[in-house]
Amino acid sequence: MARTTRGGATISEVAAAAGVSRATVSRVMNRRSTVAADIAARVQAVAEELQYRPNDLARGLSLGRTGTVALVVPDLGNPVFQEVVRGAMAAAAEQDQRILIAETRDASDDEATVALQARRRCDALVLAAPRTPEPELRALLARVAPVVLTDRPLDGVDAPVVRVDYAHGVHALVDHLVGLGHRHLAVLAGPPTTASSSVRARALEEAAHRHGDLRISTIATGSTVEAGHRVADEVLGTRATAALAFNDLVAFGLLARLNEIGVAVPGDISVTGFDDIELARYATPSLTTTGVDQAEIGRLAMRHLAHLTGAPDAPDAADGVLVPVLAVRASTGPVPPPRRLPVPSRGAAGPVQRRAGGGRARWRTDGTGLAVLEGLGTPLARCADGSGMPVVHSRRPHLHPVHSLAGVPVTASSPVDHRHHYGASLAVDDVDGTSYWGGRTFVPGNGPTLLLNHGHQRAGAPQVRHSGASLTGPVTWLGQDGAPQVHEERTLTGAVFPEVEAWALGWRSDLRAPRATTITSPAVRGRPGAGYGGLFWRLAGADETRVLTGDSDDEREVHGSATPWLALTRRHGRSWSSVLLVQDEGPPLPWFVRLADYVGAGPSVAWSEPLVLREGETLRLSLTTVVVDRCVDTADAADLAELAVARVRSAREG
C-alpha cells in the first residue's frame, strides 16, 4: 500500500488511503477533537506510513495561526537573554511551535516598533525585560495581546509576568558581605530604564536601614563588561571595601581593570555580581553572585502563553516569581585592613587600646571554615580552610588577614605578583612530585613550569582548646592523584602582651607520612637560592622593609642563615611596626627571605638537601611569630623572642 513521492505524500493520498475526506485528515493533523478516536488513529497511522508532512504555511493560513511566537529581548549579547531564549525554544518545541527572535539593542525608543512588527508575523508575543516607559508600554500591551512579560510587573495589566525577586538577591549579597565585616559598599547601578534598578535601590535602602552602620556609595554604570571596566577607578575612589555590580558582566569588567592596575580581589576589595551566568564560576577569581535558572524564565513565559492562547494540553503555569540563590565564591573575603593608618606620635604604628582581658587571646569559630583569633576585643587573625582557593594555588588552610594590636595590616593574600601566596601558611614546594606551594614548579632545564601537580591540604573540623587560646585540628595532605601523602596535627596558639605593644602566634605542626616521603625545594633541584618551602609568611606592602637577625642586617647574609630569630621592620609613613619570626624548637632551619620583589620569609625545610620522612616518622615544625607596633632593634628583638616563646608555651599548657 505504501507509496512515497520525492516530496512525501499529499493530503489527498492520505485521505484516499485512510478512506476519509481531506477535511478529516486536516482536522486530525491539526489535533481537533471532533474526529472519532478510532478514525484519528487510522489517519495518523496512514500519514506516518506514507511519510506525510502537513504544509505548515497552508495549515497556518487555514487556521488563522502561524505556530510561531515572537520573543523580543534587549540584548542578545547578554548571556542572561541567551538562556531565556534557550528555555523558550525548548518549551516551544514541546508545544510544536517555533520562536521568532527580535533584538532591540537596549534602545527603548525602538522597542514598541520592533514588538509590533514581530507580533504581526506571529501568534503571540513575549517581551523580555522591556525598557519602554510605563505609559507607552501599557498602550503597547493592548495592541499586541496575547503577550507575556518578563521582569516588568505592571499593576492593573492582565498580561502574565515572569519575574525575578531582585530584592531577595540584593539582601542575600549584602548580608553575605556584612557577615564578612564590610560596612562600606560601592554599588555599580545598571541602566535606569530597567525595572529591576528601582527594585534594587529600594532593597539597598532597606538593607542599610536594617544593618544600621552600613554605608552605600552608588555609581551610575550600565550593564556591560565595558561599563564595569570604565568605572573601576571611581569604585576605588569611594574607599569602599566591597563592590556590588549590577550584573555579572559588569563585575567581569571591574575584575579585569582591578587586575590590570594591581588591585587584589578579595585582598584589597571584594566584588560581587548578579545573575550567576555560566561564566561566573570561571572568572579570576571565581565570582560571588546570585541568580536564578534563566532558561526557566523562558520556559515559564511559554507556559503562560500556552494558557493564554488555549493550546491543547497546555502545561501548568507555575508561580511566575523566581527566587535567586546565593553562590559564594573566591571574589569575596573578609574586610581588608585600612590602606593607610593615621601617623601617630613617638614612631609607633598606633596607640594600643588596653581593654578588659589583659594578655589573653581567644579563638572563635563560625562553622563555615573560618576561625578568628581575638585579643583586646579586636580580631587579630583569621584562619580560613582554603577550600575556595583555585586548584593551581594548592588549596591550603591559611591565616589572613593578620593585624597588629593597633590595626596595622600584616599579611597579603593572593597578591598580583604571586597569586599563590596566601598570608601565613604551611606551603611546601615538592612532596614526592606534588606541589603544596602553588603556581609554577621549577623543572631542571626548563625553568618554572605550570604543571598539573597541585595538592590540597584538607582541614578537618577544628577544636578550640587551652581555655580558648589554641585552635587545633587534623590536616590531610592529598597528592595530585587525591591520595593522602601526609597526616598533620596542627595547633595555632595566641597570646597577647600589650605591655610591650605586641601579640604572638605559635604555630606547631606534627607531620607523619604513611609511607617513606621525600620533600624537596627548587634549590635542591638546581635553582640556587630558591630553598623556599615550610612555614611561610607573605607580608603586606610597606613604604620600607628591613631585615634583622642577631648576626646581620644584610638581606644577602640573612638569606640562608640558620639563626634562632629573624625580624622584619616595616615603615608606614613615619611610623613603624615589626614582625618577628622565632624558631622555638630544635636546631634552627635556614631562613628563606625576600624583600625586593615582595616581602616574605620563613624557615626552609629543604634548603639545600632533600628531607626524607621515613614511614611512620613524625616531623615537628614550630614557629612563633610576634607582631609588634614599633621598630625593634637587635636587643629588643631578642628579648621579645624569649618573652613570646614563654607566653605561647604558657597559653598552650593552660
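Start by selecting Ser223, which touches Asp106, Pro191, Phe246, Asn247, Leu249 and Val250 when residues up to four places away in sequence are not counted; contact here means heavy atoms within 4.5 Å. What you have open is a predicted model, in which local features need pLDDT of at least 70 and side-chain atom pairs count only at pLDDT 80 or more, while totals for chains, interfaces and linings use all residues. Residues are numbered from 1 along each chain as its sequence is written, and side-chain values use heavy atoms, with hydrogens and water left out.

Ser223 lies in the loop between strand E7 (215-220) and helix H10 (225-230); helices (H or I, at least four residues) and strands (E, at least two) are DSSP runs, numbered from the N terminus. With a relative accessible area of 13%, Ser223 is buried, a word that stands for under 20% relative accessible area, with exposed over 50% and partly exposed in between (1.4 Å probe, protein chains only).

**The four-stranded sheet**

Next, select E7 together with the other strands of its sheet, an open one of four strands in the order E7-E6-E8-E9 with parallel pairing. E7 and strand E9 (270-272) stand at the edges with a single partner strand each, so one side of each has no neighbour in the sheet. From one strand to the next, the twist averages 20 degrees, where axes are lines fitted to C-alpha atoms, for helices over the stretch in contact, and angles run from 0 to 180 degrees between N-to-C directions. Strand E8 (residues 242-245) and E9 run parallel and are joined by three bridges (two strands pair if DSSP finds at least two bridges between them), and the bridge partner of Leu244 in E9 is Thr272.

**The six-stranded sheet**

Which order do the strands of the open sheet of six strands have? The order is E2-E1-E3-E4-E5-E11, with parallel pairing. Strand E2 (98-103) and strand E11 (321-322) are at the edges, and each has a single partner strand, so one side of each is left without a neighbour in the sheet. Within this sheet, look at strand E4 (residues 147-150) and strand E5 (residues 161-164), which pair in the parallel sense over two bridges, and find Leu149, which stands opposite Val161 in E5. Helix H7 (residues 134-144) packs on the sheet and touches strand E3 (124-128) and E4, its direction making about 155 degrees with that of E3. Helix H13 (residues 294-308) also packs on the sheet, touching strand E1 (68-73), E2, E3, E4, E5 and E11, and its direction makes about 155 degrees with that of E4.

**Strand E25 and its partners**

Move on to strand E25 (residues 502-512), where nine of its eleven residues are buried. Strand E24 (residues 484-497) and E25 pair in the antiparallel sense over eleven bridges, and Leu492 stands opposite Trp507 in E25. The hairpin of E24 and E25 has four residues between the strands, and in it Glu501 takes a positive phi near 55 degrees. E25 is also joined by eleven bridges to strand E34 (residues 618-628), again running antiparallel, with Ser509 opposite Leu621 in E34.

**The aromatic cluster**

Finally, select Trp437, Tyr532, Phe536 and Phe592, which ring pairs link into a cluster; rings of Phe, Tyr and Trp (its six-membered ring) pair if their centres lie within 6.5 Å, and planes under 30 degrees apart count as stacked, over 60 as edge-to-face and the rest as tilted. The structure holds six aromatic pairs. In one of them, the rings of Trp437 and Phe536 have their centres 5.0 Å apart and their planes at 55 degrees, so the pair is tilted. Trp437 lies in the loop between strand E18 (430-431) and strand E19 (441-443) and Phe536 in strand E27 (residues 534-538), so the pair ties together parts that are 99 residues apart in sequence. Both Trp437 and Phe536 are buried. Phe536 also forms a tilted pair with Phe592, at 6.4 Å centre to centre and 55 degrees between the planes, which links E27 to strand E31 (residues 591-594) across 56 residues. Phe592 is buried too, with a relative accessible area of 3%.
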